[in-house]
Amino acid sequence: MLASARRRSEGKHDSVYGLEWGDPEEMWSLKLVRDQFILPYVDPDRRALEIGPGGGRWTRYLLGFGEIIVVDRHRELLDELAKNFSQPKIIPVLNNGTDFPGVAANSVDFVFSFGVFVHLDAWIINEYLKALGNVVKNDANIVIQYADFRKKEARRQSGFARNNPERMRKMVDAAGYTVLEENVTALWHSSIMRFRKKRDGEVMY
Ligand SMILES: C[S@@+](CC[C@H](N)C(=O)[O-])C[C@H]1O[C@@H](n2cnc3c(N)ncnc32)[C@H](O)[C@@H]1O
(Lines give C-alpha, C1' and ligand atoms only; values in the text may rest on other atoms or scores of the structure.)
Protein backbone atom coordinates (compact mmCIF):
# COMPACT_ATOMS: atom_id res chain seq x y z
CA MET A 1 0.00 0.00 0.00
CA LEU A 2 1.29 3.45 -0.86
CA ALA A 3 2.23 5.45 2.24
CA SER A 4 -0.30 8.12 1.22
CA ALA A 5 -3.10 5.58 0.95
CA ARG A 6 -2.17 4.25 4.37
CA ARG A 7 -2.21 7.77 5.80
CA ARG A 8 -5.58 8.40 4.18
CA SER A 9 -6.94 5.22 5.75
CA GLU A 10 -5.60 6.50 9.08
CA GLY A 11 -7.24 9.85 8.48
CA LYS A 12 -3.90 11.72 8.44
CA HIS A 13 -2.83 14.28 5.82
CA ASP A 14 -5.75 13.20 3.71
CA SER A 15 -4.90 15.55 0.87
CA VAL A 16 -1.30 15.51 -0.26
CA TYR A 17 1.41 12.88 0.07
CA GLY A 18 4.54 14.62 1.38
CA LEU A 19 3.00 16.97 3.93
CA GLU A 20 4.45 14.80 6.67
CA TRP A 21 7.86 16.24 5.68
CA GLY A 22 6.55 19.72 6.43
CA ASP A 23 3.73 21.88 5.21
CA PRO A 24 4.76 25.09 3.42
CA GLU A 25 1.57 26.64 4.81
CA GLU A 26 2.86 26.09 8.34
CA MET A 27 6.68 25.98 8.53
CA TRP A 28 8.50 29.28 8.15
CA SER A 29 11.45 27.79 6.26
CA LEU A 30 9.16 26.14 3.71
CA LYS A 31 7.04 29.30 3.49
CA LEU A 32 10.28 31.10 2.58
CA VAL A 33 10.86 28.59 -0.25
CA ARG A 34 7.31 29.15 -1.48
CA ASP A 35 7.37 32.94 -1.19
CA GLN A 36 10.92 33.62 -2.34
CA PHE A 37 11.67 30.85 -4.80
CA ILE A 38 8.30 29.97 -6.39
CA LEU A 39 5.56 32.57 -6.21
CA PRO A 40 7.50 35.48 -7.79
CA TYR A 41 7.90 33.40 -10.97
CA VAL A 42 4.36 32.09 -11.40
CA ASP A 43 2.93 33.42 -14.66
CA PRO A 44 -0.05 32.17 -16.67
CA ASP A 45 1.86 32.85 -19.91
CA ARG A 46 4.78 30.65 -18.90
CA ARG A 47 5.55 26.97 -18.62
CA ALA A 48 6.92 25.28 -15.51
CA LEU A 49 8.60 21.92 -15.04
CA GLU A 50 8.81 20.14 -11.70
CA ILE A 51 11.18 17.23 -11.11
CA GLY A 52 9.85 14.65 -8.63
CA PRO A 53 6.47 16.17 -7.68
CA GLY A 54 5.47 13.32 -5.35
CA GLY A 55 1.92 13.99 -4.20
CA GLY A 56 2.05 17.66 -5.18
CA ARG A 57 3.15 19.37 -1.96
CA TRP A 58 4.81 22.06 -4.13
CA THR A 59 2.92 21.48 -7.39
CA ARG A 60 -0.09 23.26 -5.88
CA TYR A 61 1.90 26.52 -5.92
CA LEU A 62 2.73 26.06 -9.59
CA LEU A 63 -0.90 25.86 -10.70
CA GLY A 64 -0.87 29.52 -11.79
CA PHE A 65 1.49 28.67 -14.64
CA GLY A 66 -0.04 28.11 -18.08
CA GLU A 67 1.33 24.58 -18.17
CA ILE A 68 3.14 22.41 -15.64
CA ILE A 69 5.23 19.46 -16.76
CA VAL A 70 5.71 17.03 -13.89
CA VAL A 71 8.60 14.63 -14.36
CA ASP A 72 9.00 11.58 -12.17
CA ARG A 73 10.79 8.26 -12.49
CA HIS A 74 8.01 6.37 -10.71
CA ARG A 75 4.68 5.82 -12.43
CA GLU A 76 2.88 5.31 -9.10
CA LEU A 77 3.88 8.80 -7.94
CA LEU A 78 2.58 10.36 -11.16
CA ASP A 79 -0.66 8.42 -10.61
CA GLU A 80 -0.81 9.67 -7.03
CA LEU A 81 -0.36 13.25 -8.24
CA ALA A 82 -3.12 12.80 -10.82
CA LYS A 83 -5.45 11.69 -8.01
CA ASN A 84 -4.77 14.92 -6.13
CA PHE A 85 -4.87 17.29 -9.11
CA SER A 86 -7.00 16.57 -12.16
CA GLN A 87 -5.97 19.59 -14.19
CA PRO A 88 -5.46 19.31 -17.93
CA LYS A 89 -2.57 21.77 -17.74
CA ILE A 90 -0.53 19.29 -15.67
CA ILE A 91 1.44 17.13 -18.09
CA PRO A 92 2.93 13.97 -16.57
CA VAL A 93 6.25 12.70 -17.92
CA LEU A 94 7.72 9.38 -16.80
CA ASN A 95 11.49 9.56 -17.09
CA ASN A 96 14.54 7.35 -16.52
CA GLY A 97 15.79 9.41 -13.59
CA THR A 98 17.86 11.96 -15.50
CA ASP A 99 16.06 12.90 -18.73
CA PHE A 100 13.05 14.82 -20.10
CA PRO A 101 11.50 12.60 -22.76
CA GLY A 102 9.13 14.44 -25.09
CA VAL A 103 9.80 17.89 -23.60
CA ALA A 104 10.52 20.30 -26.45
CA ALA A 105 13.89 22.03 -26.58
CA ASN A 106 13.97 25.60 -25.32
CA SER A 107 10.37 25.46 -24.07
CA VAL A 108 10.49 25.74 -20.25
CA ASP A 109 10.47 29.03 -18.28
CA PHE A 110 10.72 27.78 -14.70
CA VAL A 111 12.06 24.62 -13.09
CA PHE A 112 11.50 23.54 -9.50
CA SER A 113 12.61 20.51 -7.55
CA PHE A 114 12.40 19.82 -3.83
CA GLY A 115 13.05 16.58 -1.97
CA VAL A 116 14.71 14.95 -4.97
CA PHE A 117 18.24 16.28 -5.53
CA VAL A 118 18.92 15.77 -1.81
CA HIS A 119 19.15 12.07 -2.70
CA LEU A 120 21.02 12.32 -5.99
CA ASP A 121 24.70 11.54 -6.41
CA ALA A 122 26.89 14.03 -8.24
CA TRP A 123 26.86 12.14 -11.55
CA ILE A 124 23.04 12.13 -11.63
CA ILE A 125 22.93 15.84 -10.78
CA ASN A 126 25.38 16.47 -13.62
CA GLU A 127 23.22 14.46 -16.03
CA TYR A 128 20.16 16.45 -14.99
CA LEU A 129 21.98 19.78 -15.36
CA LYS A 130 23.03 18.75 -18.87
CA ALA A 131 19.53 17.60 -19.82
CA LEU A 132 17.97 20.77 -18.39
CA GLY A 133 20.19 22.85 -20.65
CA ASN A 134 18.29 21.47 -23.66
CA VAL A 135 14.76 22.10 -22.45
CA VAL A 136 14.98 25.44 -20.67
CA LYS A 137 14.84 28.85 -22.30
CA ASN A 138 17.91 31.08 -21.94
CA ASP A 139 16.29 33.23 -19.25
CA ALA A 140 14.53 30.37 -17.41
CA ASN A 141 14.82 30.33 -13.63
CA ILE A 142 15.84 26.96 -12.20
CA VAL A 143 15.27 26.35 -8.48
CA ILE A 144 16.83 23.26 -6.93
CA GLN A 145 16.98 22.18 -3.30
CA TYR A 146 19.91 19.87 -2.57
CA ALA A 147 21.53 18.11 0.41
CA ASP A 148 23.83 20.22 2.54
CA PHE A 149 26.20 17.89 4.36
CA ARG A 150 27.67 20.79 6.33
CA LYS A 151 24.47 20.49 8.39
CA LYS A 152 24.13 17.87 11.11
CA GLU A 153 20.55 17.09 10.12
CA ALA A 154 21.71 16.18 6.61
CA ARG A 155 24.31 13.78 7.95
CA ARG A 156 21.60 12.13 10.05
CA GLN A 157 19.32 11.48 7.07
CA SER A 158 19.66 8.09 5.46
CA GLY A 159 20.13 8.26 1.74
CA PHE A 160 21.18 11.89 1.58
CA ALA A 161 23.85 12.74 -0.98
CA ARG A 162 27.19 14.15 0.20
CA ASN A 163 26.57 17.51 -1.36
CA ASN A 164 27.10 21.05 -0.08
CA PRO A 165 26.76 24.60 -1.46
CA GLU A 166 30.35 24.77 -2.72
CA ARG A 167 30.08 21.50 -4.63
CA MET A 168 26.67 22.41 -5.98
CA ARG A 169 27.91 25.83 -7.17
CA LYS A 170 30.81 24.17 -8.97
CA MET A 171 28.55 21.67 -10.72
CA VAL A 172 26.09 24.38 -11.72
CA ASP A 173 28.88 26.64 -12.98
CA ALA A 174 30.59 23.83 -14.94
CA ALA A 175 27.27 22.92 -16.56
CA GLY A 176 26.94 26.45 -17.96
CA TYR A 177 24.71 28.23 -15.45
CA THR A 178 25.03 31.27 -13.20
CA VAL A 179 23.75 31.17 -9.62
CA LEU A 180 21.41 34.12 -9.06
CA GLU A 181 20.20 33.51 -5.53
CA GLU A 182 20.82 31.09 -2.67
CA ASN A 183 19.57 30.33 0.79
CA VAL A 184 22.01 28.16 2.75
CA THR A 185 20.60 28.74 6.23
CA ALA A 186 16.81 28.42 6.31
CA LEU A 187 16.46 24.70 5.60
CA TRP A 188 17.61 22.32 8.32
CA HIS A 189 19.25 19.62 6.21
CA SER A 190 19.53 21.16 2.78
CA SER A 191 20.08 24.37 0.87
CA ILE A 192 18.40 25.88 -2.16
CA MET A 193 19.58 27.87 -5.15
CA ARG A 194 18.15 29.63 -8.20
CA PHE A 195 20.19 29.75 -11.37
CA ARG A 196 19.85 30.34 -15.11
CA LYS A 197 21.91 29.70 -18.22
CA LYS A 198 25.08 31.79 -18.46
CA ARG A 199 24.94 34.71 -20.84
CA ASP A 200 27.69 35.25 -23.43
CA GLY A 201 30.97 36.00 -21.69
CA GLU A 202 29.43 35.76 -18.22
CA VAL A 203 31.67 34.35 -15.49
CA MET A 204 30.12 33.26 -12.20
CA TYR A 205 32.98 34.04 -9.83
C1 LIG B 1 10.78 12.52 -1.42
S2 LIG B 1 9.67 12.68 -2.75
C3 LIG B 1 9.46 14.45 -2.84
C4 LIG B 1 8.16 14.82 -3.44
C5 LIG B 1 7.85 16.33 -3.50
N6 LIG B 1 8.77 17.03 -4.35
C7 LIG B 1 7.82 16.93 -2.12
O8 LIG B 1 8.74 17.69 -1.77
O9 LIG B 1 6.88 16.64 -1.37
C10 LIG B 1 10.74 12.36 -4.14
C11 LIG B 1 10.03 12.35 -5.48
O12 LIG B 1 11.00 12.32 -6.51
C13 LIG B 1 10.83 11.20 -7.35
N14 LIG B 1 12.18 10.85 -7.82
C15 LIG B 1 13.15 10.24 -7.12
N16 LIG B 1 14.28 10.18 -7.86
C17 LIG B 1 14.00 10.79 -9.03
C18 LIG B 1 14.74 11.08 -10.21
N19 LIG B 1 16.02 10.71 -10.34
N20 LIG B 1 14.12 11.74 -11.22
C21 LIG B 1 12.80 12.09 -11.11
N22 LIG B 1 12.05 11.85 -10.03
C23 LIG B 1 12.64 11.21 -9.01
C24 LIG B 1 10.10 10.20 -6.49
O25 LIG B 1 9.40 9.25 -7.26
C26 LIG B 1 9.16 11.14 -5.71
O27 LIG B 1 8.05 11.53 -6.48
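Analyst: A convention for side chains comes before the rest: Ala, Val, Leu, Ile, Met, Phe, Trp, Tyr, Cys and Pro count as nonpolar, Asp, Glu, Lys and Arg as charged, and the others, Gly among them, as polar. The model here is predicted.

User: How do the residues of the shell around the ligand divide into nonpolar, polar and charged?

Analyst: The shell holds 7 nonpolar, 7 polar and 3 charged residues. In total, 17 residues surround the ligand. The closest are Gly-18, Gly-52, Gly-54, Arg-57 and Gly-115.

User: What pLDDT does the chain average?

Analyst: The pLDDT is the predictor's confidence in each residue, from 0 to 100. In this chain the average is 92, and 92% of the residues score at least 70. Residues 1-13 are a stretch with pLDDT below 50; beyond near neighbours in sequence, this stretch has 12 contacts in the model.

User: Which residues of H4 are buried?

Analyst: A residue is called buried if 20 or more other C-beta atoms lie within 10 Å of its own, and exposed if 12 or fewer do. In H4 the buried residues are Ile-125, Tyr-128, Leu-129, Leu-132 and Val-135. Viewed down the axis of H4, these residues fall within an arc of 125°, so they line one face of the helix. That buried set is covered by elements including strand E4 (108-113), strand E5 (136-147) and helix H6 (165-174). As for length, H4 spans residues 122-135, 14 residues in all, and reaches 20 Å from its first C-alpha to its last, close to the 20 Å expected at 1.5 Å a residue.

User: Where do the buried residues of H2 lie around the axis?

Analyst: Helix H2 covers residues 28-38, and its buried residues are Val-33, Phe-37 and Ile-38. Their arc around the axis is only 80°, which puts them on the same side of H2. The exposed residues Trp-28 and Asp-35 are carried on the face turned away from that buried side. The buried residues of H2 pack against E4, E5 and strand E7 (190-197).

User: What does the face of H3 turned away from its buried side carry?

Analyst: That face of H3 carries the exposed residues Arg-75, Glu-76 and Asp-79. The buried residues of H3, which runs over residues 75-84, are Leu-77, Glu-80, Leu-81 and Asn-84. Seen down the axis of H3, the buried residues fall within an arc of 100°, so they line one face of the helix.

User: Why does Met-193 count as buried?

Analyst: Met-193 has 21 C-beta neighbours inside 10 Å, so it counts as buried. Its place is in strand E7. Met-193 is in contact with Ile-144, Met-168, Val-179, Glu-181 and Glu-182, leaving aside neighbours within four places in sequence. Met-193 and Gln-145 are 48 residues apart in sequence, yet their C-alpha atoms are 6.5 Å apart in space.

User: Is Asn-106 buried or exposed?

Analyst: Asn-106 counts as exposed, because it has 11 C-beta neighbours inside 10 Å. Asn-106 sits in the loop between strand E3 (90-94) and E4. Its phi is positive, about 55°, although Asn-106 is not a glycine.

User: Where does Gly-22 lie?

Analyst: Gly-22 is in the loop between helix H1 (3-9) and H2. With 17 other C-beta atoms within 10 Å, Gly-22 is partly exposed. Not counting residues up to four places away in sequence, Gly-22 touches Met-27 and Leu-30. Gly-22 and Arg-57 are 35 residues apart in sequence and 9.1 Å apart in space, C-alpha to C-alpha.

Conventions:
Residues are numbered from 1 along each chain as its sequence is written. Helices (H or I, at least four residues) and strands (E, at least two) are DSSP runs, numbered from the N terminus. The expected span of a helix is 1.5 Å times one less than its number of residues. The arc is that of the directions from the helix axis to the C-beta atoms. Two residues are in contact if their C-beta atoms, placed from the backbone, lie within 7 Å. A residue is near a molecule or strand if its C-beta atom, placed from the backbone, lies within 6 Å of it.
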